[in-house]
Amino acid sequence: MTATPDLRTARPASPELLRSVFRQHAAGVAVITARGDDGPVGFTATSLASVSAEPPMVSFGVGTGASCWPVISRTEHVGVHVLAERQHELAATFARSGADRFAEPTRWREGPEGIPVLDGVLAWLVCRIVTRVPAGDHRVVLAEVVLGDPAGGGGPPLLYHQGQFTGLRE
C-alpha cells in the first residue's frame, strides 16, 4: 500500500524541508580525498553520482564552508572511495568536524597524482577535476576518471539513511 500525498501538509522550501526529505533517500557513502599543501584532506560524501560514461565522469557536492573546501577549490585531482558497510567508523571519521581524518586507525597510502588512497574500500578512483559549479552554499564538482580499481575489500556497500550509516537489508 502506498501513501497518497497530503497536499494540505506541504511546507514551503527551507533547508529543514530539504534535509527532512533527503533523510528518506538512501544514498551510497563515499570519501573524497585530496592532497593539500599542509597534508591530505578528505570528507564523507553521499552526493557521489556517475555523470558520463564517455568520457568517464563523476560528480559530488562539497560545502564552501567545509574545512577541506580551500584544498578542493584549488586542486587538480581527487580520490573517490566507495565505502563498504563495515566501514561506518571510517565514514564517521571523515564526516566529523575537527577530526584528524588520516591518523590511526585510518589506513591509507599516497597514490597517483599524490592522492591519498584509502585501504580496504569497495572501489576507488583518481579523478581530474574538470569544473566546479556554484550551487548555493556548495559547489558541484565534475571530475573525469583517470584510473581506479573496482575490486577492493568486498562486501555490501555502506548506505546513509535517516541520518545514520546503515547497510542493505533483505
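Here is a short tour of this predicted model in questions and answers.

Visitor: Which cut-offs apply to this predicted model?
Guide: Residues are numbered from 1 along each chain as its sequence is written, and side-chain values use heavy atoms, with hydrogens and water left out. The model is predicted, and totals for chains, interfaces and linings use all residues, while side-chain atom pairs count only at pLDDT 80 or more and local features need pLDDT of at least 70.

Visitor: What is the order of strands in the open sheet of three strands?
Guide: Strands here are DSSP runs of E with at least two residues, helices are runs of H or I with at least four, and both are numbered from the N terminus. Two strands pair if DSSP finds at least two bridges between them. The pairing in this sheet is antiparallel, and the order is β1-β11-β12.

Visitor: Which strands stand at the edges?
Guide: Each edge strand has a single partner strand, so one side of each is left without a neighbour in the sheet. These strands are β1 (27-28) and β12 (164-166).

Visitor: Which residue in β11 is the bridge partner of G28?
Guide: Strand β11 covers residues 159-161, and two bridges join β1 to it. The partner of G28 there is L159.

Visitor: Is L18 buried or exposed?
Guide: L18 is found in helix α1 (residues 15-22). Buried means under 20% relative accessible area, exposed over 50%, and partly exposed in between (1.4 Å probe, protein chains only). L18 has a relative accessible area of 53%, so the word is exposed.

Visitor: How much accessible area do L18, V21 and F22 have together?
Guide: These residues form a nonpolar patch on the surface. Patch residues have over 30% relative accessible area and no salt bridge; nonpolar side chains (Val, Leu, Ile, Met, Phe, Trp, Tyr) are joined within 5 Å, and like charges within 9 Å. Areas come from the Shrake-Rupley method with a 1.4 Å probe, and for residues only the protein chains shown count as cover. The patch has about 310 Å².

Visitor: How many aromatic pairs does the structure hold?
Guide: Rings of Phe, Tyr and Trp (its six-membered ring) pair if their centres lie within 6.5 Å; planes under 30 degrees apart count as stacked, over 60 as edge-to-face and the rest as tilted. By that rule, the number of pairs is four.

Visitor: What is the angle between the planes of F43 and F60?
Guide: F43 lies in strand β3 (residues 39-45) and F60 in strand β5 (residues 56-63), so the pair ties together parts 17 residues apart in sequence. F43 is buried at 9% relative accessible area, and F60 is buried at 1%. The pair is tilted, with 6.0 Å centre to centre and an angle of 55°.

Visitor: How many salt bridges does the structure hold?
Guide: Side chains of opposite charge can pair when their charged atoms come close. A salt bridge is a side-chain nitrogen of Lys or Arg within 4 Å of a carboxyl oxygen of Asp or Glu. The number in this structure is seven.

Visitor: Which residues are linked with R23 in a network of salt bridges?
Guide: R23 meets E16 in a salt bridge of 3.3 Å, N to O. R23 is partly exposed at 33% relative accessibility, and E16 is partly exposed at 36%. The residues linked with R23 are E16 and R19.

Visitor: How many residues apart in sequence are the parts tied together by E110 and R35?
Guide: The closest N and O atoms of this salt bridge are 3.3 Å apart. E110 is exposed at 55%, whereas R35 is partly exposed at 29%. E110 lies in strand β7 (residues 108-110) and R35 in strand β2 (residues 30-36), so the separation in sequence is 75 residues.

Visitor: Which residues does Q24 touch, not counting those up to four places away in sequence?
Guide: Q24 sits in the loop between α1 and β1. Q24 counts as exposed at 53% relative accessibility. Contact means heavy atoms within 4.5 Å. The residues touched are H161 and Q162.
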